[in-house]
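Work through the exercises below with the model open.

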Amino acid sequence: MTLFLGLGIVGLVVLALSLVLDGVLEGLFDGALEGLFDGWLSLPVIAGFVSMLGFGGALALGLTGLGGAGAAGVGVLAGLGVAWLTWKSSRSLMRDQTAVTARSGDLVGTAGSVVTAIPADGYGEVLLHLAGQPVKYAARSAGPVARGAEVWVESALSATSVEVRPVQR
């Protein structure tokens, strides 16, 4: 039973090291096994297998009348199950995609309102909604636009300024 508990503890230590040494095991082979194991040869998967082999074997040995070989078989099956779950979980997390980052160019054609009046020869401020969030931008227009007027964005001049035109109703 000591051997099985030792394997379980070693697996937990390898799992803790995998948090610090992420990707090192894959890098040791320098791409020679690229795509061969498709993520199976990673520290979290190996750690999950070894840890469950040890703890599963120790449980089987302590709770049943199986000998060492039978307990090792139970541990291997449990280890394979945990390795598969770890592999599936890590693949799922690696494929997790975030939404596309909004850019100022995405504002073209959107409506907003003037917060600070826009003079004919300078900049004012408009309140626009970018990715659902209200954002204040510096704005210029071909002609003067009063505070509170509704405007359309014609172009993005920079990351913080736009060119607008008043909405004609």
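**Exercise 1.** Decide whether arginine 165 is buried, partly exposed or exposed, and find its salt-bridge partner.

Solution. Arginine 165 has a relative accessible area of 39%. Buried means under 20%, exposed over 50%, and partly exposed in between, with a 1.4 Å probe and protein chains only. Arginine 165 is therefore partly exposed. Its side chain meets that of glutamate 154 in a salt bridge, 3.6 Å from N to O. A salt bridge here is a side-chain nitrogen of Lys or Arg within 4 Å of a carboxyl oxygen of Asp or Glu. Glutamate 154 lies in strand β4 (residues 150–156) and arginine 165 in strand β5, 11 residues apart. Strands are DSSP runs (E, at least two residues), numbered from the N terminus. Glutamate 154 is also partly exposed, at 40%.

The model is predicted: local features need pLDDT of at least 70, side-chain atom pairs count only at pLDDT 80 or more, and totals for chains, interfaces and linings use all residues. Residues are numbered from 1 along each chain as its sequence is written, and side-chain values use heavy atoms, leaving out hydrogens and water.

**Exercise 2.** State how many salt bridges the rule gives, and locate the others.

Solution. The count is three. Glutamate 125 pairs with lysine 136 at 3.7 Å, N to O. Glutamate 125 sits in strand β2 (residues 124–130) and lysine 136 in strand β3 (residues 133–141), so the pair ties together parts 11 residues apart in sequence. Glutamate 125 is partly exposed, at 29%. Arginine 140 pairs with glutamate 163, with closest N and O atoms 3.7 Å apart. This pair links strand β3 to strand β5 (residues 161–166), 23 residues apart. Arginine 140 is partly exposed, at 34%.

Technical notes. Helices (H or I, at least four residues) and strands (E, at least two) are DSSP runs, numbered from the N terminus.
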